[in-house]
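Hi there,

Here is the structure I promised to pass on. Could you have a look at it alongside my notes below?

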There are 2 protein chains.
Amino acid sequence: MRVKTEDGVKDLQALWLEDDGRVVMMEQRIIPERLEFMDCRTVEETAVAIEDMVVRGAPAIGAAGALGMAQAHILGEDWASSKARLWKTRPTAYDLFYALEYMDRAKEAGADLVKAARDFTDDIARRCKAIGEAGAPLIKDGFGVLTHCNAGALATVDWGTALAPMRIAHRDGTKFTVYSDETRPRLQGSRLTAWELENEDIPHYIIADNAAGHYMQRGHIQLAITGSDRVTANGDAANKIGTYEKAVLAKENGIPFYIAAPVSTFDLGMSDGMQIPIEERDCSEVTQFEGRYMAHSKSPCKNPGFDVTPARYIAGYITEIGIITADEIPDRIGAMQQDHGKE
Amino acid sequence: MRVKTEDGVKDLQALWLEDDGRVVMMEQRIIPERLEFMDCRTVEETAVAIEDMVVRGAPAIGAAGALGMAQAHILGEDWASSKARLWKTRPTAYDLFYALEYMDRAKEAGADLVKAARDFTDDIARRCKAIGEAGAPLIKDGFGVLTHCNAGALATVDWGTALAPMRIAHRDGTKFTVYSDETRPRLQGSRLTAWELENEDIPHYIIADNAAGHYMQRGHIQLAITGSDRVTANGDAANKIGTYEKAVLAKENGIPFYIAAPVSTFDLGMSDGMQIPIEERDCSEVTQFEGRYMAHSKSPCKNPGFDVTPARYIAGYITEIGIITADEIPDRIGAMQQDHGKE
């Protein structure tokens, strides 16, 4: 991703491995206030950085796991205990466990472990770039493009999922404007997505989540693209809370709504999205900012982290194998997943 | 409205006139953090309190204007200059100018000016209570009721518009739960509406605006009621940004969506809502909280204050003359407005 630093504009990934065994991560907890990098000098430091959300986003967490195992190899740390330590950092992201098992297999096969971890990381970025190339033609000159939350390079090593088509279209010279929902309660849109877009010099506006419908109604938005945490076999998509609202409003206003996600996000073992458990998160995310109450402190609150958008609201799925429809998921995604094992 | 104070539970209006000429207002800028009352001891102090938004909401601002003129009478301040001072406090609320002209007419007619101002204020509250009585039967045991922004007693002297049916239904013993959208960017839902509901002991949850669709989809919400800033002759309703989104989602999920508003909110001189100008407000409301950036500070932002909900999404209008449909607006509202002059 393109990042404006004090030393000029650089092309960076969200995290990488140095030859001396350091895992270097963009400090995502303080973006957008400032850009800093954290040097993780031991596997323990890498594990703590994952736990403390210096790095976030399932693909990026997976990369951190793979790079952490290569770090263990370079530094001569114990392989099994390094794996166990990284395994217990975050409970949910399947990508983490997949990455750790991948590195185990690489070790058993006698592979170059540094190269294996870097290949794993680059492969995530490559798939995201392919998503960008598949989706970029959807964006036309003059379009307003809505996105929700941060499905960007920070979460996916590089390029992003929903932001990848915007990066490619912008580099291709297409003139468009992104409307970035602030994405309450955690503000990933107004903080991380806005930061990524500003660094790429892609024209954009931050808007309150409440304003997306208004701009659709008034003809300012022609396309909507978000990421997804899980797409089920029938095409239902779980994603950050509020995604369902924007998809319904897009349909009501005749605006195509796309999900951008790699093949690994599709869960063909689940028939529909109503089976996806919805995480209920701490209310302080809604009621407080930096420890100060924003809301009436005596009122109870509910804070679901995700919602499910039924497939009928989704025009298509932008993947690294092209744009597919819900009907095509079982065959085309199924074939890819059988080729590559469960990704 | 029912308010829990250090001296026990009291039944209060948002503002009132004391016999000694003080205009007393609930300090709405610090609710919900704490409850304080501001004593306005001169017309100048009353005017500054209106300007500084100690009192907010068009009907409550109108009441402040009427009470300020009675204050001028009690204190022996110059009538014409008091009116001129109050007139220039806020530019938008029609209710203010109407109240000041009303007091001028009362003076010309030789009326008791203190009684006239108190009658004016009580009349606002009475109309709101009638809205509550008309709307309460819509709320059934077990319902989840969504509201957006604060159309409560704080904005309308007492009872509120959207909150009035909830107050009446609760006092009648109906068991229901309110879902109060936090209402970004200014958080009137999580601050003021939540405060009013907690003081009434009406069961409620604060939710992020993004979560309303999810709770509709999952069957937790059976009814939606909001206020309105202006309803046009065809039934289109302007209200706080995000109202349109919730109305579309309600329709999509088969949930009736009502506007609660007094007859004076209907503007029969405007044929449809697309003619209503939408105020673009300062971006700091979206990007900052208490002076601290919540968002990427280098990104531009858009912050429309209101949106327009087309009449086709609105099941009915809860008014002090009963619940009416869009088709009935010209005849029934028109007859009332002719009876009472332009209210």
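A salt bridge, as used here, is a side-chain nitrogen of Lys or Arg within 4 Å of a carboxyl oxygen of Asp or Glu. A:Lys246 forms one with B:Glu245, where the closest N and O atoms are 2.9 Å apart. Across the interface of chain B and chain A, six salt bridges are found by that rule.

Some housekeeping before the rest. This is a predicted model, in which local features need pLDDT of at least 70 and side-chain atom pairs count only at pLDDT 80 or more, while totals for chains, interfaces and linings use all residues. Residues are numbered from 1 along each chain as its sequence is written, chains are lettered from A and ligands numbered from 1 in the order in which they are written, and side-chain values use heavy atoms, leaving out hydrogens and water.

Now the interface as a whole. Contact (heavy atoms within 4.5 Å) takes in 59 residues from chain B and 59 residues from chain A. The two chains bury about 5,100 Å² between them, 54% of it on carbon and sulfur atoms; buried area is the accessible area (1.4 Å probe) that two parts lose on being put together, summed over both. B:Asn210, B:Met294 and B:Lys302 supply 15% of what chain B buries against chain A, more than any other three residues.

The axes of H2 (residues 58–75) and H5 (residues 113–135) of chain B come within 8 Å and cross at roughly 170°. Axes are lines fitted to C-alpha atoms, for helices over the stretch in contact, with angles from 0 to 180 degrees between N-to-C directions. H2(B) and H5(B) are therefore roughly antiparallel to each other (angles over 145 degrees). Among the residues making this contact are B:Ala66 and B:Ala70 of H2(B) and B:Ala117 and B:Phe120 of H5(B).

Finally, some backbone details. A cis peptide bond joins A:Arg184 and A:Pro185, with omega about 5°, and A:Pro185 is found in the loop between strand S7 (177–181) and helix H8 (188–199) of chain A. Another cis bond joins B:Ile31 and B:Pro32, with omega about 10°. B:Cys149, in the loop between strand S6 (144–147) and helix H6 (153–156) of chain B, has a positive phi, near 65°.

Best wishes

Technical notes:
Helices (H or I, at least four residues) and strands (E, at least two) are DSSP runs, numbered from the N terminus. Angles under 35 degrees count as roughly parallel, over 145 as roughly antiparallel, 65 to 115 as roughly perpendicular and the rest as oblique.
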